[in-house]
Amino acid sequence: MKEIKNKYDNYLRQHIGNVKNGYDWFCMYLPELIKPEFADILADNIYGHDYSKYSDEEYEAYANYFYGTKSKEHDKAFDYAWLHHQKQNPHHWQYWILQNDEDGVRVLEMPEEYVLEMICDWWAFSWSKDNLYEIFNWYNMNKKKIYLHKNTRELVENILDKLKNKLDKISSSN
């Protein structure tokens, strides 16, 4: 189990570091997206990003699922850990899905600071692949499975457009 935990710890450190890389990039190249009314909240969220993955409810299930041997037991434990993670972390779009007794499922609008953290979270995988453009392929492949309020989707796509335009501008000047 020690080897599994070491691998998972290394992944977590890399992922959290890459979320911070994305945030720092936004601060440097698109600072207008980080509005004063939520800048402190966003910074706190980024520097505490995915802290719940170290909790008893998540840590072992994640480590076993991704780095242990596959089993139905690990799959079930991971499902509960993933649900816990989604409901503890408002940067996940699933946090904003309301299963309402009266009228079924409703998708709530996400506050902008959580949208930015979500994009940094998605973008972290691009940083790990050394391809900052990977986020756009990933989003295009997955957007139909991501349930967002209409205003949130517009915001996400607007931020992604600004991100792509700035990446293009930076890469063309090099």
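This is a predicted model: local features need pLDDT of at least 70, side-chain atom pairs count only at pLDDT 80 or more; totals for chains, interfaces and linings use all residues.

Visitor: Which residues of α7 are buried?

Guide: They are T152, V156, I159, L160, L163 and L167.

Visitor: What does V156 contact, leaving aside its neighbours within four places in sequence?

Guide: V156 is in contact with V115, M118, I119, W122, Y139 and L148.

Visitor: How far apart are the end C-alpha atoms of α7, and what span should its residues give?

Guide: The helix has 24 residues, and at 1.5 Å a residue they should span 34 Å. The end C-alpha atoms lie 35 Å apart, which agrees with that expectation.

Visitor: How should I read a nonpolar core?

Guide: In soluble globular proteins, nonpolar side chains tend to be buried together. Here the largest nonpolar core holds 33 residues, and F26, I119, W122, V156 and L163 touch the most other members. Two or more residues come from each of α1 (2–29), α2 (39–47), α5 (112–128), α6 (134–142) and α7 (150–173).

Visitor: Which element gives the largest share of this core?

Guide: That is α5, with 9 residues. There is also a second, separate core of 9 residues, with Y8, L12, A61 and A63 among them.

Visitor: Which residues of helix α3 are buried?

Guide: Helix α3 covers residues 59–67, and Y59, A61, Y62, A63 and N64 are buried there. A61 and A63 also belong to the second core.

Visitor: Which helices do the buried residues of α3 pack against?

Guide: They pack against α1 and α4, the latter running over residues 72–88.

How values were computed. Residues are numbered from 1 along each chain as its sequence is written. Side-chain values use heavy atoms; hydrogens and water are left out. A nonpolar core is a set of buried Ala, Val, Leu, Ile, Met, Phe, Trp, Tyr and Cys residues joined through side-chain atoms within 4.5 Å. Buried means under 20% relative accessible area, exposed over 50%, partly exposed in between (1.4 Å probe, protein chains only). Helices (H or I, at least four residues) and strands (E, at least two) are DSSP runs, numbered from the N terminus. Contact means heavy atoms within 4.5 Å. The expected span of a helix is 1.5 Å times one less than its number of residues.
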